[in-house]
Amino acid sequence: MKRNAPVLLAAAAALTLSACGGGSLSGNESTTGTEDTSGLTTLSVGIMPIVDTAPIWLGREQGFFEAEGLDLDIQTTTGGAAAVPGVVSGDFDFAFGNVVSVMVANDKGLDIELVSNGNSTTGDTSSDFGAVVVPAGSDIQTAADLAGKTVSVNNLSNIGDTTIRKLVENAGGDHESIKFVEVAFPDAPAAVESGQVDAAWILDPFLTQTVEDGARVIAYNFAETHPSLDISGYFTTSAYIEENPETVEKFTRAMKKSLEYAQENPDAVRDIVGTYTKIDEEMRAKMVLPAFHADFDREGLAILGEAAASYGTLSKAPDLDAMLPAQD
């Protein structure tokens, strides 16, 4: 199942395809497309060890992939910098990344398609797994007040600043006057507390800890952009889908079962996260989990894509028909 790398591989290497930042591959050599002694087809999947990817770990544990004749070789990454070139070169059969980054990849000329949802907002504008926070004594009260302020996101020109700009614009504020700076999520709480930034966009488990330490949430940017906004997904190249339709169908079916299982069993999600991250049991019990939906919400993605194009992250609104799988 190896493929030749397209000429745009160098461009892909510059893309960040994650919910939680860039980084490098940390794993063993891929065993892409091989058949093991049990007769299962081994698929290499590049993912980050974060809460968002709990369903695929659960699916492997529950045997959903084995039932489809698949054996997952999960290659963990510290971020998405390796994800697109890894898929394009054939080192990964599939990889995980946030939806804006997949839009950016296609906008740069790479034929990347989502084959499965990854995670979504809870849709709760009073409790979600990602939010914009400010110090307790800040005079910033609403999203509109972010105009003219310095706000940290983990990556520029991606899903964080796109959704925040959207909220500020919807609230009548000047989104163009916001100064966005890159600060990794683990470092964002200290940046807020020290006054290095006026506000920070943070995801759980860091969000829960930051609020417990006294920070105040002013906006849940995912939920307030759209109540069913999909945040991430699993993707591969269009060429791989054309060449391996049965394998893609098997992977997609197993992921659907995994997502449904994760959504129905939040305690199992919290438990499995403890096996591949260093998040302790106390924090796992308190943090807000994403929603895990089997199907993509096209309305939410259309709003997100149009916003990304409006703010210059994309050159034009994405072609969702080309990027998303067909749904029943």
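Colleague: How many bridges join strand S6 (residues 150-153) to S7?
Modeller: Four bridges join S6 to S7 in this predicted model, and the two strands run parallel; strands here are DSSP E runs of at least two residues, helices are H or I runs of at least four, and both are numbered from the N terminus. Within that pairing (at least two DSSP bridges between two strands), Ser 152 stands opposite Val 181 in S7.

Colleague: What order do the strands of that sheet come in?
Modeller: The order is S7-S6-S8-S5-S9, an open sheet of five strands with mixed pairing. Strand S7 (179-182) and strand S9 (216-219) each have a single partner strand and stand at the edges, so one side of each has no neighbour in the sheet. From one strand to the next the twist averages 35°.

Colleague: And which strands does helix H5 lie across?
Modeller: Helix H5 (residues 159-170) lies across strand S5 (130-134), S6, S7, strand S8 (199-203) and S9, and runs at about 140° to S6; axes are lines fitted to C-alpha atoms, for helices over the stretch in contact (heavy atoms within 4.5 Å), with angles from 0 to 180 degrees between N-to-C directions.

Colleague: Switching to the sheet with S1, what is its strand order?
Modeller: This open sheet of five strands, also with mixed pairing, has the order S2-S1-S3-S10-S4. Its edges are strand S2 (70-76) and strand S4 (112-120), each with a single partner strand, so one side of each is left without a neighbour in the sheet. The twist averages 30° from one strand to the next.

Colleague: Which helix packs on it?
Modeller: Helix H10 (residues 245-264) does, touching S1, S2, strand S3 (94-98), S4 and strand S10 (230-237), and its direction makes about 10° with that of S4. As for the strand pairing, strand S1 (residues 41-47) pairs with S2 in the parallel sense over seven bridges, and Leu 43 has Leu 72 in S2 as its bridge partner.

Colleague: Last topic: at what angle do H2 and H11 cross?
Modeller: The axes of helix H2 (residues 54-62) and helix H11 (residues 266-276) cross at roughly 90° and come within 9 Å. On the H2 side the contact is made by Ala 54, Trp 57, Leu 58 and Glu 61, and on the H11 side by Ala 268, Val 269, Ile 272, Val 273 and Tyr 276.

Terms used. Residues are numbered from 1 along each chain as its sequence is written. This is a predicted model: local features need pLDDT of at least 70, side-chain atom pairs count only at pLDDT 80 or more; totals for chains, interfaces and linings use all residues. Side-chain values use heavy atoms; hydrogens and water are left out.
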